[in-house]
Amino acid sequence: MPALKPFLYERPSSLEQLTALLADHAGMVPGYLSGGTDLLVAMRTGKDSPELVVDLKGLPNLRGINRCEDGKLWIGALATIHSLEVNKTIRSQITLLFEAAQSLGSWQVRNRGTIGGNLANGAPTANTAAPLLALDAEILTWSPVGKRRIPVASFWLGARKTALHTGEIITGVEIPLKQGSSSAYTKLGPRKAMDIAIASAAVVLSLDRGIIQEVRIAMGGAGPTPLRARSAEAYLTGRPALAENLIQAGKLAASESNPRTSTRATREYRLSVIPVLVERSIRSALKRQEGLVEENGGEDR
Amino acid sequence: MTKDTLIGKGLLRVDAAEKVTGMAEYTGDLDLAGVLEAEMLTSPYAYARIRSIDVSRALSLDGVIEVMTGNDIKGLYGPMVKDRPVLAQGVVRFAGEPVAAVAATSKQIAKRAVELIDVQYEQLKPVLTHEEALSPTAPLLHEGLMDYEKEITANVIAGTNICNHFKIRKGDVEKGFAESDYVLEETYEVPRNHHVCLETYSVIAQFEKEGTLHLWTCNQSPYVLQRALAALFNMPWNKVRITIPTLGGGFGSRVYPSVEPAIVALAQRSGHKPVRLTLSREQDFYRITNHGCTATIKTGVRKDGTIMARQLVTYWDTGAYADCGPLVVRNSGFTSAGPYRIENVKIDAYCVYTNRPVATAFRGYGIPHVTWAYECHLNRIAHELGLDPLEIRLKNVIQDGDRSHTGEKMVAVGMKDCLEQVAKAANWKPGTKPAVVDLGDGRYRSLGLACSWKGTMRHHATSATVRVLEEGSVEVNCSNVDMGQGSSTIYAQIAAEELGIPVEQVTVRHPDTFITPYDRTTSASRGTFHGGNAVMNAARDAWQQVAVYAAKVFRCHPDDVKAENGLIIDPETGHKYAFGDILNKAVIGGVDVIGRGNSYMEGGTGLDRETGQGANPTSFWMYAAQIVDLEVDTRTGQTTVHKIFAASDVGRAINETNCVQQIHGGVTMGLGIALSEELTFDDKGRILNNNFHDYKIQTCMDVPPIEAILVEVPHPLGPYGAKGLGEAPVGPVAPAVADAVANAAGIWIRRLPMTPERLLEAFRKDGK
């Protein structure tokens with residue numbers, strides 16, 4: 001373990017102070033601290049050594065979960081993962097985000113970790129990433145040059161690379177709430193807690209008289225960024241919710257994946273389980289619709 | 001003494017409150033004035049020559065007190081083979097080997113100083129597996145092997161990298177195979193894994209003014225350490241003081257010296273200031289690991305399942321230095337034919353040096369490794385013969401009066417009882433194969449069975465004293481370390497039982513070689529048997545003395561004096577008196593009483609070097625049988641364990657709750673070995689997953705309900721019939737899991753751990 005590199009620590013209490021702080025330390029790349037569950041680990045192991053650590057927890061208006069007038073749900077960047085799993089709207093209407101939050105890390109990590117941090121960290125397997133991608137959410141940001149709304153689909157640029165500019169912070173996330181849609185998140189890891197997904201699948205869909213109307217499928221661990229399974233979505237749209245169609249959707253999702261081999265799992269293993277996760281997520285989401293999936297007795301193995 | 005016996009009661013642990021409230025003081029918590037912080041520079045290479053070391057930049061850093069290299073400290077240490085330098089001597093033999101040590105005024109400065117030390121290495125091609133190490137072209141990792149000082153256990157082979165070859169020869173295996181209806185030969189593998197003590201290693205050394213070396217360390221065996229350090233630093237034993245604060249786990253990883261010699265050397269050169277080294281979790285993974293093992297097992301059976309012959313060849317990757325590897329190989333080799341009556345047995349176990357981190361004892365001294373091999377193998381044989389796993393075991397298991405494969409006449413054997421009771425709990429009827437439940441979507445559920453045995457082999461001496469203070473409070477002094485297994489509670493219970501006092505009146509002292517008497521090691525599940533006997537004898541001795549005083553006061557025979565709930569009863573009148581009243585009346589000015597007790601095995605034979613035969617090699621045996629109820633997902637390879645039924649023969653439970661907890665802990669460890677734990681290495685011999693992110697122990701979310709079944713077959717020599725327990729529950733878990741997977745999905749796994757990825761690959765190969 002290398003010696004911890006010296007760093008400056010600042011805790012601004014307004015965006016004006018943050019602006020001034022960034023101007024004063026122009027040339028330094030700030031390491032933003034919210035829950036610290038990623039940053040502090042990276043600093044301890046030497047993987048990251050920011051000269052300037054900026055604690056965002058003093059900034060106003062970055063906390064809470066509120067319904068907006070336009071029918072969207074706003075989640076502040078500093079909202080803890082635990083606050084997502086106990087939020088009534090999320091529990092009842094955004095089931096996949098609830099499932100993603102409650103399967104993240106441990107109690108301690110969920111109490112510290114924030115949704116903003118989970119996204120800004122840029123991991124393709126981050127628990128909240130695939131659900132927000134399937135939800136067509138928007139990420140709200142601030143920087144001294146202005147505010148932005150970034151559709152999640154264009155937020156991840158590559159492995160651990162996001163659309164955030166140096167100095168830019170996430171202020172919140174906006175999720176459209178749609179009546180009649182159901183969702184599910186399935187995560188596969190070697191353990192039931194304290195684990196990062198080997199792969200995951202997030203599904204949002206609506207159904208009308210047994211026919212899939214609208215479906216969005218997002219996958220974690222299927223490539224360098226969270227990915228939408230667009231050909232699987234196109235295939236399912238307008239088709240009946242039959243087991244054979246779900247199996248086909250899983251296959252298509254795998255064909256759209258390009259996972260890597262890492263210490264956690266091989267590319268081959270990820271490719272084997274992605275179709276199963278996608279299929280099972282769709283099935284769970286369908287079960288949450290009024291009509292259950294019609295089993296056609298197909299071979300399940 | 002009392003009718004209402006304390007023996008068997010599930011009393012609360014004596015250290016429970018201080019642990020859950022955070023008051024317990026671990027080595028790293030000690031606050032010594034002026035303590036210097038140490039850090040080690042370790043080798044990045046698995047095998048290299050050291051060309052040069054330049055410490056000048058480190059020494060000139062403000063706050064650095066001392067920088068040492070192998071040039072500053074000579075001498076070799078090691079419990080079985082003295083093969084290990086304190087700091088590397090011109091060559092490094094594993095990635096992570098200490099090359100230099102720094103003492104500084106802060107940890108941060110010590111770490112920076114380490115980064116300023118310049119070492120020039122000449123890399124050599126490392127030997128990373130036992131196969132490479134045994135190749136005729138392999139370099140000899142220890143050219144001085146034959147010249148090293150060694151224990152009798154280490155049967156080294158000249159001109160090789162083998163630091164122990166353990167053998168058992170009984171009957172004629174070839175004849176046995178010829179007389180068999182079915183012969184199966186298979187190879188099983190266990191990778192290296194790690195003990196994962198909650199407390200990372202911590203040690204403080206100080207040379208005190210009167211010439212005493214005082215060491216505070218989280219070691220399991222203070223007296224082993226005392227003698228090793230005395231030898232290395234040329235000091236009399238009575239000048240080496242080892243104090244053991246509260247220990248946060250041991251599991252075999254802390255039986256022998258590891259980083260202590262280097263810290264003592266630093267302290268020697270840092271005046272009278274204490275020097276502390278506390279390892280990070282990442283460093284702790286490199287300090288010591290479990291052995292990797294490859295076992296080739298061949299068994300011949302009759303059609304009815306009778307085992308005719310068994311042959312095992314095991315190779316143990318012990319790493320760069322022997323540590324207790326030769327002992328692990330002997331103790332596991334000794335039991336590796338399994339708890340069965342077998343007339344023809346041939347065992348060859350090889351302890352092999354490699355350029356990997358040092359491997360040591362791990363809860364069971366290699367028993368989990370060999371149990372994985374012999375139990376999976378037996379389940380496979382049962383399957384091939386159309387027998388059920390329970391039936392084949394009941395037919396072959398060793399029982400009272402049988403001769404073991406080393407010639408020991410077996411007594412108090414609870415193996416069959418364990419099997420019968422665990423089968424009853426899980427509703428598994430002999431002669432019926434466990435049912436498979438198809439849960440849909442590629443998921444299947446079934447049961448699996450395995451059992452194991454272990455001979456403690458550590459029948460050395462343990463002493464204890466019990467001091468009865470005049471007021472009636474009692475102090476137990478024993479150097480067997482409570483690492484979390486609960487020995488201090490057991491000792492308090494035994495002392496209270498013998499003296500007729502409430503258990504709350506007993507304090508069990510932390511081990512300290514200046515205070516608490518000799519104990520060989522806290523290892524091999526020997527604490528309750530040997531420590532318990534020593535404390536029981538000491539308490540009886542103390543009571544005899546108290547009774548003599550009381551008899552003087554009561555004018556009666558000492559045998560007639562009894563105590564109950566902390567009060568001494570006058571046999572004549574039935575009046576009750578406080579201990580203090582009696583001791584004060586008996587001796588003017590009062591008196592304390594000190595009772596002494598010892599435990600050691602008489603008539604131990606050891607094992608013959610050529611044949612492994614010995615009629616009395618161990619003071620007791622442990623037996624365990626388990627049934628795992630699990631579900632396997634053939635589409636992802638994931639397993640969900642629903643329940644584990646775990647029976648262990650404890651002789652007699654001194655503390656029922658402690659016994660159940662020991663089983664829970666052992667099964668949890670076994671489940672990690674079965675499903676998720678494996679140290680992975682790169683091709684340079686470096687550990688890839690030395691953190692909790694990537695090294696997967698089971699969390700409380702993963703561990704299923706465990707039904708602990710205490711089988712009580714009293715041991716004639718154990719205290720109240722009790723014997724050891726801690727190690728035995730680890731071994732059966734993995735083969736029982738594998739058996740359940742085989743029963744549920746028809747695949748046979750031979751390598752641990754059974755990760756989802758490995759299982760899925762096996763399903764694919766099997767056409768699932």
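This is a predicted model: local features need pLDDT of at least 70, side-chain atom pairs count only at pLDDT 80 or more; totals for chains, interfaces and linings use all residues.
Strand β19 of chain B is mostly covered, with 12 of its 13 residues buried. Chain B is divided into three domains, namely domain 1 (16-24 + 460-599), domain 2 (32-124 + 201-249 + 254-278) and domain 3 (292-457 + 606-765), while the contact between the chains takes 19 residues from chain A and 27 residues from chain B.

**Strand β19(B) and its partners**

- On one side of the pairing pattern, strand β18 (residues 437-440) of chain B is joined to β19(B) by 3 bridges, and these two strands run antiparallel; within this pair, Asp438(B) stands opposite Tyr444(B) of β19(B).
- The hairpin made by β18(B) and β19(B) has 2 residues between the strands, and in this hairpin Asp441(B) takes a positive phi near 55°.
- β19(B) also pairs with β27(B), again in the antiparallel sense, over 13 bridges, and here the bridge partner of Ser452(B) is Ala624(B) in β27(B).
- In a regular strand the side chains alternate between the two faces of the sheet.

**Helix α12(B) against its surroundings**

- Which residues of helix α12 (residues 415-425) of chain B are buried? They are Met415(B), Lys416(B), Cys418(B), Leu419(B), Val422(B) and Ala423(B), so that a lysine is listed among the buried positions.
- Viewed down the axis of α12(B), these buried residues fall within an arc of 160°, and therefore they line one face of the helix.
- An α-helix has 3.6 residues a turn, so residues three or four places apart point the same way.
- After α12(B) comes Asn427(B), whose phi is positive, near 60°.

**Domain 1 and domain 3 of chain B**

- The C-alpha centres of domain 1 of chain B and domain 3 of chain B lie 38 Å apart, and 15 residues of domain 1 of chain B are in contact with 20 residues of domain 3 of chain B.
- On the side of domain 1 of chain B that touches domain 3 of chain B, α13 (487-499) and α14 (527-554) of chain B each supply at least two residues, and α14(B) gives the most, with 5 residues.
- By class, that side of domain 1 of chain B has 5 nonpolar, 9 polar and 1 charged residues.

**A three-stranded sheet in chain B**

- An open sheet of 3 strands in chain B has the order β23-β24-β25, with antiparallel pairing; its edge strands are β23 (562-564) and β25 (576-578) of chain B, each of which pairs on one side only.
- Neighbouring strands of this sheet are turned by 40° against each other on average, direction ignored.
- β23(B) is joined to strand β24 (residues 567-569) of chain B by 3 bridges, and Glu564(B) stands opposite Leu567(B) in β24(B).

**Leu32(B)**

- Leu32(B) has its place in the loop between α1 (16-20) and β1 (36-42) of chain B, and with 14 other C-beta atoms within 10 Å it is partly exposed.
- Leaving aside residues up to four places away in sequence, Leu32(B) touches Ile204(B) and Pro274(B).
- Leu32(B) and Gly250(B) are 218 residues apart in sequence and 24 Å apart in space, C-alpha to C-alpha.

**Chain A and its contact with chain B**

- On the side of chain A that touches chain B, the largest share, 4 residues, comes from helix α11 (residues 267-288) of chain A, and by class this side has 12 nonpolar, 3 polar and 4 charged residues.
- The domain assignment of chain A gives domain 1 (8-55), domain 2 (65-176) and domain 3 (197-288), and the C-alpha centres of domain 1 of chain A and domain 3 of chain A lie 37 Å apart.
- Chain A has an open sheet of 3 strands in the order β1-β3-β2, with parallel pairing; β1 (8-10) and β2 (30-33) of chain A stand at the edges, each with a single partner strand, so one side of each is left without a neighbour in the sheet.
- β1(A) pairs with strand β3 (residues 52-55) of chain A over 3 bridges in the parallel sense, and Glu10(A) stands opposite Val54(A) in β3(A).

How values were computed. Residues are numbered from 1 along each chain as its sequence is written. Chains are lettered from A and ligands numbered from 1 in the order in which they are written. Two residues are in contact if their C-beta atoms, placed from the backbone, lie within 7 Å. Ala, Val, Leu, Ile, Met, Phe, Trp, Tyr, Cys and Pro count as nonpolar, Asp, Glu, Lys and Arg as charged, and the others, Gly among them, as polar. A residue is buried if 20 or more other C-beta atoms lie within 10 Å of its own, exposed if 12 or fewer, and partly exposed in between; C-beta atoms are placed from the backbone. The arc is that of the directions from the helix axis to the C-beta atoms. Two strands pair if DSSP finds at least two bridges between them. Axes are lines fitted to C-alpha atoms, for helices over the stretch in contact, and angles run from 0 to 180 degrees between N-to-C directions. Domain bounds come from an automatic or database domain assignment.
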